[in-house]
Amino acid sequence: MSGLCAEIIREQDALEGLEAPWWRLWSQCISATPFQSPAWLLPWWQAFMPGDLAVVAVWSGTDLVGLAPLYLERHASGSRLLPIGISLSDYLDILCMPGQAAAVNAAIAGAVLRLEWSSWILPDLPPEAACSSLALPDAVESLSASHAACPVLPLTCDETLASLVPARRRRQLRRAWRAAQRRGSVIIRRCETDPETFLDHLIRLHGSRWAGQGGGVLADPCAVKFHRTALPRLAANGLARCWLMEIGEAVVGAYYGFHHRGRAYAYLGGFDPGYAEESPGAILIGEAIAEAVHEGAREFDFLRGRESYKYGWGAVDRWTQQRVWTRSAPS
């Protein structure tokens, strides 16, 4: 007997009431990313609410020792159990208190089997996923070991970037700086203390960058609502890294990223196409990498997607996994 108790949370108020113990659990999970924090997932649920909550909380007495933030989505082929944060998050997983992974996984599996679903999908799992020992009897599991690539640049303590970034990219970066300085005075400033202003610029620049191509992810009002709620929480907990770049009096570039436990994450950016020759996006990434090194990060994660510019910085692929369980007769 593990002595753990699994609770299924179905109401939003109850989910929001978990925030304090959720933070305590998250802070002790070595593999946890900002995408699993309450600062990220609570605003996601508030913004999208795509189904019925089915969050599994595992308790040891009054201590939260495990959490599977899930919801049920009705689908023509049957109910699907999905992770809160799906689609906009680059890493997802359950949370387990260190040293209790096996017992927590068993408790979560027992609770999940009481829910009505025909498929349980866990995408974007990191290689060291806490749910790796999850086992569901009477369900068929499929594993995709190469679900999505997240190019990652390993970092060292060399703050000059000379040993981190290929020479060609460094030359391009120097040319971009010279072009920007010829056009006007260049100012790059951190903006975590003013998330509203930062997001106003990011939304404008991201929309400009993707105009004619659907407008990008921030064309969705729900996504904007989500980030306007999440970013202040992320910033208040020291997780956000926000930069704006000005040339002359114009804000021409924005960088939105995170930093946690020695890992920097480049989440989203935008730039004014009228300044494409000055490459504000590349200049901001260069600044973000240098700052990540300064803050002691071991790696700079470009996150999901195999865009060619990421490899130009010297990043190499890290693959996420996807686990899917199916059953024909929900109990």
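The legends below describe close-up views of the sheets and helices in a predicted model.

**View 1. Eleven strands make an open sheet.** The strand order is E2-E5-E6-E8-E15-E9-E14-E13-E12-E11-E10, and the pairing is mixed. Strand E2 (52-53) and strand E10 (186-190) are the edge strands. Each of them pairs on one side only.

**View 2. Strands E5 and E6 pair in the antiparallel sense.** E5 covers residues 70-73, and E6 covers residues 80-83. Four bridges link the two strands. Glu73 has Arg80 in E6 as its bridge partner.

**View 3. Helices H5 and H6 lie across strands of the eleven-strand sheet.** H6 (residues 195-209) lies across E11, strand E12 (250-260) and strand E13 (263-271). The angle of H6 to E12 is about 110 degrees.

**View 4. Four strands form an open sheet with antiparallel pairing.** Their order is E1-E3-E4-E7. Strand E1 (5-9) and strand E7 (95-96) each have a single partner strand, so one side of each lacks a neighbour in the sheet.

**View 5. Strands E3 and E4 run antiparallel.** Five bridges join E3 (residues 55-60) to E4 (residues 63-68). Trp59 finds its bridge partner in E4 at Leu64. Helix H2 (residues 19-28) packs on the sheet and touches E3, E4 and E7. The direction of H2 makes about 80 degrees with that of E4.

**View 6. Helix H4 lies across E1, E3, E4 and E7.** H4 spans residues 101-112. H4 runs at about 135 degrees to E3.

Note on methods:
Residues numbered from 1 in each chain as written. Predicted model: local features only at pLDDT ≥ 70, side-chain atom pairs only at ≥ 80, totals over all residues. Heavy atoms only, no water. Pairing = 2+ DSSP bridges. Contact = heavy atoms within 4.5 Å. Axes fitted to C-alpha atoms, helices over the stretch in contact; angles between N-to-C directions.
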